[in-house]
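Keep the sequence and the 3D view open while you read.

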Amino acid sequence: GIQSVLVEGGGALLRSFLGSGLWNKAFVIQAAGKYLGMGVAAPAIPLSAYQTFKLADDSIFCYQNSPL
């Protein structure tokens, strides 16, 4: 069966998944020093990252939701 699904989309799609609780892990990549101008804010994840690490100049934050 299906074990994972990658959801990559706009703010509305991401907010929908986060709000419904239909996710188990999220990986947020924060680009350092890259300003792209005005845009739509990323949805907030109301949890603390269980792991954070650097990849070159970028930061990656790992979140885990409660089991489905």
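## A buried asparagine

N65 counts as buried because its relative accessibility is 18%, and buried means under 20% relative accessible area, exposed over 50%, and partly exposed in between (1.4 Å probe, protein chains only). You will find N65 in the segment after β3, which covers residues 58–64. Helices (H or I, at least four residues) and strands (E, at least two) are DSSP runs, numbered from the N terminus.

What does the side chain of N65 reach? It reaches the backbone oxygen of G21, at 3.4 Å. If neighbours within four places in sequence are left aside, N65 is in contact with G21, W23, N24 and L47; contact here means heavy atoms within 4.5 Å.

## How to read the model

This is a predicted model, in which local features need pLDDT of at least 70, side-chain atom pairs count only at pLDDT 80 or more, and totals for chains, interfaces and linings use all residues. Residues are numbered from 1 along each chain as its sequence is written, and side-chain values use heavy atoms, with hydrogens and water left out.

## The chain as a whole

The chain has 1 helix and 3 strands, and from the N terminus on they run α-β-β-β. Its C-alpha trace spans about 40 × 25 × 25 Å along the principal axes. Of the 68 residues, 16% count as buried.

Look next at contacts with a separation of 6 or more: residues 24 or more positions apart account for 61% of them. The chain exposes about 5700 Å², and carbon and sulfur atoms supply 59% of that area. Such areas come from the Shrake-Rupley method with a 1.4 Å probe; for residues, only the protein chains shown count as cover.

Q30 is found in strand β1 and is partly exposed, with a relative accessible area of 45%. Q30 and I60 are 30 residues apart along the chain, yet their C-alpha atoms are separated by 6.3 Å. Not counting residues up to four places away in sequence, Q30 touches D58, S59 and F61.

T52 sits in strand β2, residues 51–55, and counts as partly exposed at 47% relative accessibility. Beyond its neighbours within four places in sequence, T52 is in contact with I60 and F61. T52 and A12 are 40 residues apart in sequence and 25 Å apart in space, C-alpha to C-alpha.

Is A56 buried or exposed? A56 counts as exposed, at 71% relative accessibility. Its place is in the loop between β2 and β3, and its phi is near 60 degrees, a positive value in a residue other than glycine.

## The largest pocket

The largest pocket has a volume of about 1200 Å³. Its lining holds 32 residues, and V7, L14, A26, F27 and V28 lie nearest its centre. The elements giving two or more residues to this lining are α1 (11–20) and β1 (25–30), with the largest share, 6 residues, coming from β1. A pocket is an open set of points on a 1 Å grid over the protein atoms alone, where a 1.4 Å probe fits, with protein on both sides within 12 Å along at least five of seven lines; lining residues have an atom within 4 Å of a point. The volume is the space filled by probe spheres set on the points, which are joined across faces, edges and corners.

Key
Polar contact = N/O pair within 3.5 Å; in protein donor to acceptor, adjacent residues only side chain to side chain.
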